Amino acid sequence: MVESPQSEFLTAPSPRVFAHRGLAQDAPENTLLAFVKALAVGATHLETDVHVSLDCVAVISHDPVLASLGRDVRIDQLTMAELRHINLGYGQGFTSLAEALEAFPTALFNIDIKTDAAAEPAARAIKAQRATARVLVTSFNEQRRRHVVSLLPGVVSSASAPLVGRAVAAANLGLTALVRRTLQGCVAVQVPERAGPVRIITPRFITMMHRAGVEVHAWTINDPLDMIRLLDLGVDGLVTDRTDLAVAAITRRT
């Protein structure tokens, strides 16, 4: 019997700094260059997104289409070889999840699986790189999240959107046991401070999540004053487009 790997994902120092699609300063987002820049300024985790190519390769990309490049073509309509040759700027093309995991063999990756079709290719890439212990997999879709988790024994995960909604409701009612049951199998909730007029991240919410044994990671926080305010409230991590500003703010705070 093969033992599941012990996760390393939450062993990094706290507060955690999640580089949202890398650091896209003089670099296109979700590229190897953006990841290099994020790690160079002190990111503790790389946050990224995965779609799938025509030839069933897990591709790092947030958007499903190439609209930002002036092309009405979907990622899944092109092969990985074709995607690599698309110029994203600064000498960067699309990269596969396997290539990113291989390029940064000690980095911790927070991976959002964007489509059902990307689930199994992403799991294969993670297994092939022996990276299960250093990734967190998640999805806004609960069925998809569960599917990926089932393919990667020992992997950690954050709550999907439906689970977050239930956890918020239970937390507002002070139902710690229900929060814990709702988030069973998750190590974190990754949430915005607000959803429209509703404030999600409050002192009560953070306390209830911590009682349930999960971390709170706030997204997407780019203002240093907001970063400090949320850290002072007790959040465990910041998902940010500006890793450089987050690291500097945390350094000043300590």
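Contact here means heavy atoms within 4.5 Å. All views show a predicted model.

**View 1. Helix α10 and its surroundings.** Helix α10 spans residues 243-253, and its buried residues are Thr243, Ala246, Val247, Ala249 and Ile250. Down the axis of α10 these buried residues fall within an arc of 160°, so they line one face of the helix. Thr251 and Arg252, on the other side of α10, are exposed. The cover over the buried residues of α10 includes strands β1 (16-20) and β11 (237-240), together with helices α1 (32-40) and α9 (224-233).

**View 2. The largest nonpolar core.** This core has 33 residues, and Leu183, Val189, Phe205 and Met209 are those with the most contacts inside it. At least two core residues come from each of α6 (161-172), β7 (188-192), α8 (203-211), β10 (215-219), α9 and α10. Helix α6 gives the most, with six residues.

**View 3. Surroundings of Val189.** Leaving aside neighbours within four places in sequence, Val189 is in contact with Ala159, Val164, Leu183, Phe205, Met209, Glu215, Val216 and His217.

**View 4. Packing of helices α4 and α5.** Helix α4 (residues 119-128) packs on helix α5 (residues 142-151) at an angle of about 30°, and the axes are 9 Å apart. Angles under 35 degrees count as roughly parallel, and α4 and α5 are therefore roughly parallel to each other. The crossing of α4 past α5 is right-handed. On α4, the contact is made by Ala119, Glu120, Ala123 and Lys127; on α5, by His147, Val148 and Leu151.

Methods. Residues numbered from 1 in each chain as written. Predicted model: local features only at pLDDT ≥ 70, side-chain atom pairs only at ≥ 80, totals over all residues. Heavy atoms only, no water. Buried < 20%, exposed > 50% of the residue type's maximum accessible area, 1.4 Å probe, protein only. Helix = DSSP H or I, 4+ residues; strand = E, 2+ residues; numbered from the N terminus. Arc of directions from axis to C-beta. Core = buried A, V, L, I, M, F, W, Y, C linked by side-chain atoms within 4.5 Å. Axes fitted to C-alpha atoms, helices over the stretch in contact; angles between N-to-C directions. Parallel < 35°, antiparallel > 145°, perpendicular 65-115°, else oblique. Left-handed = near helix turned anticlockwise from the far one by under 90°.
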